[in-house]
Amino acid sequence: MTNYFLVFSRFSLGLIFLTAGINGYFVFFNLEPFIATSPEAMVLFEFQHLLIFEKSLEIICGLLLLINRFVPLALAILAPIIANILLLHIFLDHSLLLLAILLVILHGFMLFCYRRNFSGIVERKSST
């Protein structure tokens, strides 16, 4: 059962971030996005190069999750992005708060499943 939910979580996160990243490029090139974007979120991207960088990371991590390669790396890169999404929707724009909570739950479950890959980060003393 856990393996099925892990595959579902990986595939869902990958698909969500791949489509959100591509949608961000539509916004950058002043095209009509295929998914509605939050005006409050777009105000935070005053500098366009930050939008390009974040959306590129979302596309790369989404692809990595979908093809099941470098999953712990993708989870580590997505952690601050998901935290920012959650905080944005808690404090500024409540319209997609349920999606933000879903992202946190899926990401948290995947972090739990891949916890052995991150155990070295939380060591009290370094091994060297």
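**Figure 1. His-89 and the residues it touches.** Leaving aside residues up to four places away in sequence, His-89 touches His-94, Leu-96, Leu-97 and Ala-100. The view comes from a predicted model. His-89 itself belongs to helix H4. Its relative accessible area is 6%, so His-89 counts as buried, because buried means under 20%.

**Figure 2. Helices H3 and H4 cross.** Two packed helices are described by the angle between their axes and the distance between the axes. Here the axes of H3 and H4 come within 9 Å. They cross at roughly 145°. The crossing of H3 and H4 is left-handed. On the H3 side, the contact is made by Glu-54, Leu-57, Glu-58, Cys-61, Leu-64 and Leu-65. H4 contributes Val-71, Ala-74, Ile-77, Leu-78 and Ile-81. Of the residues in this contact, nine are nonpolar, two are charged and none is polar.

**Figure 3. Asn-68 in the loop between H3 and H4.** Helix H3 covers 48-67 and helix H4 covers 71-91, with Asn-68 in the loop between them. Most residues other than glycine have a negative phi. Asn-68 is not a glycine, yet its phi is positive, at about 60°. Its relative accessibility is 37%, so Asn-68 counts as partly exposed.

**Figure 4. Phe-70 in the loop between H3 and H4.** Phe-70 is found in the loop between H3 and H4. Phe-70 is a residue other than glycine with a positive phi, near 50°. Is Phe-70 buried or exposed? Phe-70 counts as exposed, because its relative accessibility is 60% and the cut-off for exposed is over 50%.

Technical notes:
Residues numbered from 1 in each chain as written. Predicted model: local features only at pLDDT ≥ 70, side-chain atom pairs only at ≥ 80, totals over all residues. Heavy atoms only, no water. Helix = DSSP H or I, 4+ residues; strand = E, 2+ residues; numbered from the N terminus. Buried < 20%, exposed > 50% of the residue type's maximum accessible area, 1.4 Å probe, protein only. Contact = heavy atoms within 4.5 Å. Axes fitted to C-alpha atoms, helices over the stretch in contact; angles between N-to-C directions. Left-handed = near helix turned anticlockwise from the far one by under 90°. Nonpolar A, V, L, I, M, F, W, Y, C, P; charged D, E, K, R; others polar.
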